[in-house]
Amino acid sequence: MSNRVALVTGGIGGIGTAICHKLADQGLAVVANHLPAEQELAESWQQTERDKGYEFALAAGNVADFADSRDMVQKVEAEVGPVDVLVNCAGITRDKSFRKMEPEQWRAVIETNLFSVFNVTKQVVEGMTSRGWGRIINISSVNGQQGQFGQTNYSAAKAGAHGFTMALARETAAKGVTVNTVSPGYVETAMTASMGEEILAQIVATVPMGRLGRPDEVAACVAFLASEDAAYITGTDLSVNGGFRMG
Ligand code: NAP
């Protein structure tokens, strides 16, 4: 896998960081995307990772915005190289019951979690098909598979991401480019920490494994799908949820 370049959107977040680690461990040059407003935080993250022995490039860009995504990928390709592996991992929640949900909460989640998948994939897919090799991995969620109270926006975006996976997988299958989804259950990151201990305890009580997932457990699945060994897997939705949802 050496000389290949991976771009991880939301790469400095909880699951994104673990994905950067696993892909670098596989020998890829890894670029972590972050929001432009988070430049200082991203540079401090980069230094922390350097201290651990990881050399990650940074790419500022708001993936909810098409022009920003285009400019970001152009810069990555000029400075690091063509993107061979894209992990669409950036995501947000704006939970509200549907009755109370405002258009802004709907729009923010759909634009960040679903438009982003179009915005960034659009920049890399032609290069991948023309080179005859590529991996696109979309991070969805168990709540896109089964829905969740208070998450009509998030569940719609995450289910949409897998619809995108299946359709694009058909378009690129014969050209050496696989497209897959990874759907985590509840994972220990800032996103779940913000839910509060009581709600998390209630959720954990319903997980057959009796615990939250770890970011590295999600990242291991992403790294496998990005590898040569996963060449015959496309259009799939790999669940990583401790048995929370089966089938
Ligand atoms: P996280 O730590 O909050 O990471 C998400 C990252 O995406 C953050 O660094 C965030 O930046 C960034 N981001 C948000 N909007 C962006 C934009 N427009 N452009 C570029 N970057 C943007 O959350 P996480 O738990 O690692 O989640 C990673 C992915 O896994 C998400 O897609 C999430 O939906 C999915 N997921 C998470 C869980 C879970 O239990 N944690 C379960 C299922 C699926 P800011 O921090 O500045 O917003």
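**Reading contacts and helix packing in a predicted model**

A: S69 touches N62, V63, N119, V120 and Q123, leaving aside residues up to four places away in sequence, where contact means heavy atoms within 4.5 Å. This is a predicted model, in which local features need pLDDT of at least 70 and side-chain atom pairs count only at pLDDT 80 or more, while totals for chains, interfaces and linings use all residues. Residues are numbered from 1 along each chain as its sequence is written, and side-chain values use heavy atoms, with hydrogens and water left out.

Q: In which helix is S69 found, and does S69 count as buried or exposed?

A: Buried means under 20% relative accessible area and exposed over 50%, with partly exposed in between (1.4 Å probe, protein chains only). S69 is found in helix 3 (residues 66-79), helices being DSSP runs of H or I with at least four residues and strands runs of E with at least two, numbered from the N terminus. Because its relative accessibility is 1%, S69 counts as buried.

Q: What span should the 21 residues of helix 6 have?

A: The expected span of a helix is 1.5 Å times one less than its number of residues. Helix 6 (residues 152-172) should therefore span 30 Å, and its end C-alpha atoms are 30 Å apart, which agrees.

Q: Which residues of helix 6 are buried, and what do they pack against?

A: The buried residues include N153, Y154, S155, H162 and T165. The buried residues of helix 6 pack against several elements, among them helix 4 (103-131), strand 5 (134-139) and strand 6 (177-184).

Q: At what angle do the axes of helix 4 and helix 6 cross?

A: Axes are lines fitted to C-alpha atoms, for helices over the stretch in contact, and angles run from 0 to 180 degrees between N-to-C directions. Angles under 35 degrees count as roughly parallel, over 145 as roughly antiparallel, 65 to 115 as roughly perpendicular and the rest as oblique. The axes of helix 4 and helix 6 come within 8 Å and cross at roughly 15 degrees, which makes helix 4 roughly parallel to helix 6.

Q: How are helix 1 and helix 9 placed relative to each other?

A: The axes of helix 1 (residues 14-25) and helix 9 (residues 215-226) come within 8 Å and cross at roughly 45 degrees, so helix 1 and helix 9 are oblique to each other. On the helix 1 side the contact includes G14, I15 and A18, and on the helix 9 side it includes P215, D216 and V218.
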